[in-house]
Amino acid sequence: MSRVYNFSAGPAMLPEEVLKRASDEMLDFGGTGESVMEMSHRSKEYQAIVDACEASLREIMNIPENYKVLFLQGGASSQFAMIPLNLLNGSGKADFVITGQWANKAYSEAKRYGDCKVIASSKDKTFSYIPELNKADFTADADYFHICLNNTIYGTKFSLLPETGNVHLIADVSSCILSEPIDVTKFGLLYAGAQKNMGPAGLTVVIIREDLIGKARDITPTMFNYQIHVENGSMYNTPPTYGIYILGLVLDWIKGKGGLSAMKEHNERKAAVIYDFLDSSKMFKATVSGADRSLMNIPFVTGNDDLDAKFVKEAKAKGFINIKGHRSVGGMRASIYNAMPIEGCEALVAFMKDFEANN
Ligand SMILES: *Cc1c(COP(=O)(O)O)cnc(C)c1O
């Protein structure tokens, strides 16, 4: 068996230890004689899996008591509609920072339900930076202020959070959740699709402060109402049972590694391996500079489309897969979520050095 280094933006690599444990438990989970995939979501065995998963997430992310954790389906993209349906319901106004395609999709969807304002955008330079925010532009009576904390496609992240005062801050954390500690108390709501840094596709995690629950407008589909999912412990309908189980294993793995501070330290070392090389290379260049650089997604280019294509092709042949950049940026992108070992980053840089010397 040989495993590749997978630099995919998502679905992405999972820790090998997690995949092995899932494999060991595939036919007989804990003496039940069945796979987790086959279990009734109403069984006490499965309830124990969900409860343990939630407890681990609360412990690792230091989620306060007054926040609920929901395990949903529909991806981060469903949250683009679920958030305004549930929360754009007081003044009917919300503020958005447009830092890329995902932030823009969140804005475009919310705009269908209320009065949404763009506070700042970095579209002028292909979203290669986090725009400066002027507090005077913020809507004082907005129902919420939405950001995408880490911009998966463009490789930027907010290093400072906007100071929104009494306005609830909401963040899409799909591509940075669990990569470093985050102060949950700064947010009214956090959401993430699991397939970047948590587990398999199909699971969406929502962390919501209690006072934001129960405000959905009347037309909200039952499945899109946070209150329904809270009241039913994420079991209003069948939750993504296997995805929740895998997330539980991933969380155990993170605990074993020392939690989110250790993840941050490890991720900073991994990112530095790649950024340091990019900053010294004559052929390759990072598309983002300075404090806005993401720890998780690193886009880079040679400036020559043919050379980029040759690099992607040769990289694949060497076992570095899914390194082609998003079509809106071009070039390459190395997504290095928690499960990417530092050896993968070092091996990629060694290959890039060879490629530079040979071309
Ligand atoms: C991948 C991604 C999404 C879309 O997630 P789905 O689960 O496919 O809907 C949204 N936001 C960010 C930041 C992402 O990285």
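Hi everyone, let's start at the ligand: one of its oxygen atoms sits 2.6 Å from an N or O atom in the side chain of Lys-196. That is a polar contact, meaning a pair of N or O atoms within 3.5 Å; within protein, one must be able to donate a hydrogen and the other to accept it, and residues adjacent in sequence count only if both atoms are side-chain atoms. The protein covers 88% of the 380 Å² of accessible area that the ligand has on its own; such areas come from the Shrake-Rupley method with a 1.4 Å probe, and for residues only the protein chains shown count as cover.

A quick note on where this comes from. This is a predicted model, in which local features need pLDDT of at least 70 and side-chain atom pairs count only at pLDDT 80 or more, while totals for chains, interfaces and linings use all residues. Residues are numbered from 1 along each chain as its sequence is written, and side-chain values use heavy atoms, with hydrogens and water left out.

Back to the ligand. Thr-152 has a side-chain N or O atom 2.4 Å from a ligand oxygen, and for Gln-195 the corresponding distance is 2.9 Å. The residues around the ligand, those with a heavy atom within 4 Å of it, also include Trp-102, Cys-148 and Asp-172. By class, this shell holds 4 nonpolar, 6 polar and 2 charged residues. Here Ala, Val, Leu, Ile, Met, Phe, Trp, Tyr, Cys and Pro count as nonpolar, Asp, Glu, Lys and Arg as charged, and the others, Gly among them, as polar.

Which helix gives the most to that shell? Helix α3, residues 75-87, does, with 4 residues. Helices (H or I, at least four residues) and strands (E, at least two) are DSSP runs numbered from the N terminus.

Now the sheets. An open sheet of 7 strands has the order β2-β10-β9-β8-β5-β3-β4, with mixed pairing; two strands pair if DSSP finds at least two bridges between them. β2 and β4 stand at the edges with a single partner strand each, so one side of each has no neighbour in the sheet. On average, neighbouring strands here are turned by 15° against each other, direction ignored. Strand β3 runs parallel to β4 over 6 bridges, and Val-97 stands opposite Ala-120 in β4. Our helix α3 packs on this sheet, touching β2, β5, β8, β9 and β10, and its direction makes about 155° with that of β9. Contact means heavy atoms within 4.5 Å, and axes are lines fitted to C-alpha atoms, for helices over the stretch in contact, with angles from 0 to 180 degrees between N-to-C directions. Helix α4 packs on the sheet too, at about 160° to β3.

There is also an open, antiparallel sheet of 3 strands, ordered β11-β12-β14. In it, 4 bridges join β12 to β14, and Pro-299 has Arg-333 in β14 as its bridge partner. Helix α7 lies across β11, β12 and β14, at about 20° to β12.

Finally, two backbone details. Most residues other than glycine have a negative phi, and most peptide bonds are trans. The bond from Gly-10 to Pro-11, though, is cis, with omega near -10°, and Asn-62 has a positive phi, near 55°.
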